[in-house]
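I opened this model to look up its cavities, pockets and cores. My entries follow in the order I made them.

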Amino acid sequence: MSWRAEYRASLKMIEVEEFFDLIFYRPLAFLVVKTIARTSLTPNQVTLIAMVVGIVAGVCFAVGTPGAWIAAALLLVVYDVLDCADGQLARLKNNGTRIGRILDGFIDYIVSVAAYVGIGIGFASASDQPLFWWVMLVAAGASYAVHAVLVDYYRNRFLDVVLQRRSTFDADIAAFEQDYARMQREGGHMVERLLIAVYLVYSRVQRRMTSGDRPHGHLATADPTTYYHRNRVVLRFWLLLGPTTQITVLVICALIGRFDVYVFGLVIVGNLWALVLLPFQRRIDRQLKTRHAVEIVE
């Protein structure tokens with residue numbers, strides 16, 4: 001298999017990849033994957049290495065000097081490359097696991113918290129208005145989490161419907177509930193039980209934010225081609241709120257020492273962007289459900 005073919009195989013659908021991933025992080029991650037593919041490194045080990053790099057970036061933010069902020073920015077780039085590499089390695093070697101996917105998402109939040117706490121210590125606490133900037137950082141962190149939930153949901157729903165696969169979240173929730181019950185009966189498995197418990201809470205919150213009490217696959221019966229054409233553009237706009245885009249903006253702001261631009265951009269521009277997209281997305285969903293209902297009647 002050629003490198004080009006291997007690279008394509010290491011990706012999800014192009015339509016669900018973030019812009020900066022496609023043009024920068026994933027090509028670099030693929031080079032990392034080719035370097036380590038013949039070693040014994042597993043995707044989960046790459047994920048843990050990425051976590052360490054991300055936490056060190058948070059420590060650099062806390063140092064509070066321009067040089068340390070530049071180091072933090074470069075470490076975040078390395079973190080994002082490794083964060084892409086674990087999934088690409090899993091897809092190429094076909095050795096990914098459900099726990100690995102949870103671990104990957106869990107560590108994303110750990111690194112985000114480390115970065116925000118580091119910025120709080122190194123930037124907010126050193127400013128003339130520390131309380132104001134700490135509050136703004138908490139608001140930015142909450143906004144980041146909400147955006148991640150929305151992007152993750154609509155990206156996975158797109159894949160579920162277009163590829164006609166069983167709903168990712170519904171299937172995983174059912175499987176993990178069974179795994180969790182089994183682990184409780186057997187005892188032990190503390191780390192895996194914690195990861196599963198966090199994932200189940202996350203998934204339920206995500207469902208309520210996006211589709212209420214309906215299952216994730218409530219549009220799974222929509223025509224894949226119609227769904228693809230109706231959603232591919234709006235999904236591209238959702239992906240502008242994705243974690244890679246937000247990390248890239250943070251990297252740029254760290255390099256120029258303007259965390260205020262990042263915080264205000266995330267809290268104001270990012271949230272307004274989501275509020276504008278939601279009615280468009282719900283209108284598309286209603287149209288698809290109405291179309292499907294008409295087709296069933298006919």
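Predicted model: local features only at pLDDT ≥ 70, side-chain atom pairs only at ≥ 80, totals over all residues.

**Largest cavity**

I sorted the residues lining the largest cavity by type: nine are nonpolar, two polar and no residue is charged.

Residues are numbered from 1 along each chain as its sequence is written, and side-chain values use heavy atoms, with hydrogens and water left out.

How many cavities of 30 Å³ or more does a search of the whole structure find? I got three. The largest holds about 90 Å³ of space. On a 1 Å grid over the protein atoms alone, a cavity is a set of points where a 1.4 Å probe fits but cannot get out; a pocket is an open set with protein on both sides within 12 Å along at least five of seven lines; lining residues have an atom within 4 Å of a point. Grid points are joined across faces, edges and corners, and a volume is the space filled by probe spheres set on the points.

I listed the lining of the largest cavity: Leu-76, Tyr-79, Val-111, Ser-112, Ala-115, Tyr-116, Tyr-144, Gln-246, Ile-247, Leu-250 and Tyr-262. Helix 4 (66-93), helix 5 (98-124) and helix 10 (243-255) are the elements that give two or more residues to this lining. Helix 5 gives the most, with four residues. Helices (H or I, at least four residues) and strands (E, at least two) are DSSP runs, numbered from the N terminus.

**Cores**

I looked up the largest nonpolar core next. It has 54 residues, and Phe-61, Leu-76, Phe-259, Tyr-262 and Val-263 touch the most other members. Helix 4 gives the most to this core, with 11 residues. A second, separate core has 23 residues, including Met-13, Tyr-153, Val-234 and Ile-284. A nonpolar core is a set of buried Ala, Val, Leu, Ile, Met, Phe, Trp, Tyr and Cys residues joined through side-chain atoms within 4.5 Å. Buried means under 20% relative accessible area, exposed over 50%, and partly exposed in between (1.4 Å probe, protein chains only).

I checked Leu-76, which lines the largest cavity. Leaving aside neighbours within four places in sequence, Leu-76 is in contact (heavy atoms within 4.5 Å) with Ala-57, Phe-61, Val-111, Ile-247, Leu-250 and Val-251.

Helix 4 has 28 residues and reaches 40 Å from first C-alpha to last, close to the 40 Å expected at 1.5 Å a residue. The expected span is 1.5 Å times one less than the number of residues. Just after helix 4, Asn-94 takes a positive phi of about 55 degrees.

Helix 10 has 13 residues and reaches 18 Å, close to the 18 Å expected. Its buried residues include Gln-246, Ile-247 and Leu-250. Just after helix 10, Gly-257 has a positive phi of about 70 degrees.

**Second largest pocket**

I read about 260 Å³ of space in the second largest pocket. Among its lining residues are Leu-240, Thr-245, Gln-246, Tyr-262, Val-269 and Trp-273. Helix 10 and helix 11 (259-297) each give two or more residues to the lining. Helix 11 gives the most, with seven. By type the lining has eight nonpolar, four polar and no charged residues.

**Single residues**

Is Glu-17 buried or exposed? Glu-17 is buried, because its relative accessible area is 1%. I placed Glu-17 in the loop between helix 1 (3-9) and helix 2 (19-36). Its contacts, leaving aside neighbours within four places in sequence, include Lys-12, Arg-26 and Arg-236.

Tyr-202 is in helix 8 (residues 190-211). It touches Tyr-109, Ala-148, Val-149 and Asp-152, not counting residues up to four places away in sequence. Tyr-202 and Val-149 are 53 residues apart in sequence and 8.4 Å apart in space, C-alpha to C-alpha.

**Whole protein**

I closed with totals. The protein has 11 helices and zero strands. Of its 298 residues, 47% count as buried.

Definitions and conventions:
Nonpolar A, V, L, I, M, F, W, Y, C, P; charged D, E, K, R; others polar.
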